[in-house]
Amino acid sequence: MLLQTSGGAEVKETSISLGAYETINVVCFRFSITSKIKNSRILKMAQQVVLITGCSTGMGLDFAVTMARNEKYIVYASMRNLAKKSELEKQAGDSLNKTLFIKQLDVTKEDEIISVVADIHAERQRIDILVNNAGFGQFNACEKVPIEKVRKIFEGNVIGPTRLCQEVISGMKERKSGRIIFVGAGMGLVGYPFNEYYSAAKFAMEGFAEAFAPIGRHFNIWVSTLVPGPVKTTFIENVKMNDLGAFAESIDADADEETKKLAGNMSGKMQKVIGSESQSPEDITRLLLEVAATEKPHLRYATSEAMKKLMSGKYVDVTGDGVVDRMCHILS
């Protein structure tokens, strides 16, 4: 049945069969182009599809659980080892398999990157937000680190995350919409002794984000990095489990005594900073939600006043000497 309203809209009542279960009546509105309401915008905001890496513990887990509880998001939470998914499943609660879905994804394995992105596109036709959170740490005398471990650090912190970006960028360009959020580190802006390879990898990630950001904005793809300092997570324990070295324990037995002393000094100072300046994963999550919801987010966000101070000191001093002097003081 077709009716015309005084406002110029046609109203049609249609019956739709739902198979063997039931038939429902649907009222459809078709507005005339000459209608008084032709300039009205009737918008139904679709849920945004989010892919997050490194969700077995810490920040990634909190990102996934918190975003999945927000009706704006459908979250695909990925992790390298699905044997560690129990805590995420527990915290997800009623969101599990409704707005939170768990995927296996090792960012150092290209076949898994391709497969996970393809699966999400098949299910949802898009990925709106990519949160690159997964990464590996290191604390060693640089000359003692086997080159295969160096490669692993770069694969986990740079090559894998940027390869994942490659898989999602084309779709974002086509839709003229997208967000890519990197979880960086203070060590990606200021180099820390005995973290040379981790710092170098995070510096590279920052460089990628900064270089792609202007191109992304042309396509309405907004790139941001979150720059946390120490966060109360299992990251340090994961460093040990990944056999990449952790604090003074990791300095090889044949390192010279002076290097061992410097490593001990640095380790002690870092432990104090971790104890006094650590943020909770929830602190970082609040900022992530802000960045995800901001129409035109910044390229870089410090997550604490301590990180803002660290960053401002580096960017004011164009020579870089101040950063080196500060680290020499920490080592002494």
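How exposed is Lys 308, and what relative accessibility does Lys 308 have? I looked this up to open the notebook: Lys 308 comes out at 43% relative accessibility, so I log it as partly exposed. A reminder to myself before going further: this is a predicted model.

**Entry 1: the Lys 308 pair**

I checked the partner next. The side chain of Lys 308 forms a salt bridge with that of Glu 305, at 3.4 Å from N to O. Both residues sit in helix 9 (residues 305-316), and because they are 3 residues apart, about one helical turn separates them. Glu 305 has a relative accessible area of 58%, so I put it down as exposed.

**Entry 2: the other salt bridges**

I searched the whole structure and got 11 salt bridges.

I picked out Lys 103 and Glu 123, whose side chains meet in a salt bridge at 3.8 Å, N to O. Lys 103 belongs to strand 6 and Glu 123 to helix 3 (residues 110-124), so this pair ties together parts that are 20 residues apart in sequence. Lys 103 is buried, with 16% relative accessibility, while Glu 123 is partly exposed at 43%. I also noted a network of salt bridges that links Lys 103, Asp 119 and Glu 123.

Then I turned to Glu 110 and Arg 163, which meet through their side chains in a salt bridge of 2.7 Å, N to O. This pair links distant parts of the chain, with Glu 110 in helix 3 and Arg 163 in helix 4, 53 residues apart. I have Glu 110 as partly exposed at 44% relative accessible area, and Arg 163 as buried at 17%.

**Entry 3: charge patches**

Which residues gather in a patch of negative charge on the surface? I found Glu 143, Glu 196, Asp 256 and Glu 258 there.

Lys 152 is placed in helix 4, and its relative accessible area of 30% makes it partly exposed.

The largest nonpolar core holds 30 residues, and Ile 52, Val 75, Leu 88 and Val 131 have the most contacts inside it. Elements that each supply at least two residues of this core include strand 4 (48-52), strand 5 (73-79), helix 2 (86-92) and helix 8 (281-293). Helix 1 gives the most to this core, with 7 residues.

**Entry 4: positive phi**

I kept the backbone for last. Most residues other than glycine have a negative phi. Asn 97 has a positive phi of about 65° and is not a glycine. I located Asn 97 in the loop between helix 2 and strand 6, and it is exposed, with a relative accessible area of 55%.

Where does Asn 220 lie? I traced it to the loop between helix 5 (196-218) and strand 9 (221-227). Asn 220 counts as partly exposed, at 37% relative accessibility.

Methods:
Residues numbered from 1 in each chain as written. Predicted model: local features only at pLDDT ≥ 70, side-chain atom pairs only at ≥ 80, totals over all residues. Heavy atoms only, no water. Patch = residues over 30% accessible without salt bridge, like charges linked within 9 Å, V, L, I, M, F, W, Y side chains within 5 Å. Areas by Shrake-Rupley, 256 points an atom, 1.4 Å probe, with all protein chains shown as cover. Salt bridge = Lys/Arg side-chain N within 4 Å of Asp/Glu carboxyl O. Lys, Arg positive; Asp, Glu negative; His and termini not counted. Charge placed at Lys NZ, Arg CZ, Asp CG, Glu CD. Core = buried A, V, L, I, M, F, W, Y, C linked by side-chain atoms within 4.5 Å. Buried < 20%, exposed > 50% of the residue type's maximum accessible area, 1.4 Å probe, protein only. Helix = DSSP H or I, 4+ residues; strand = E, 2+ residues; numbered from the N terminus.
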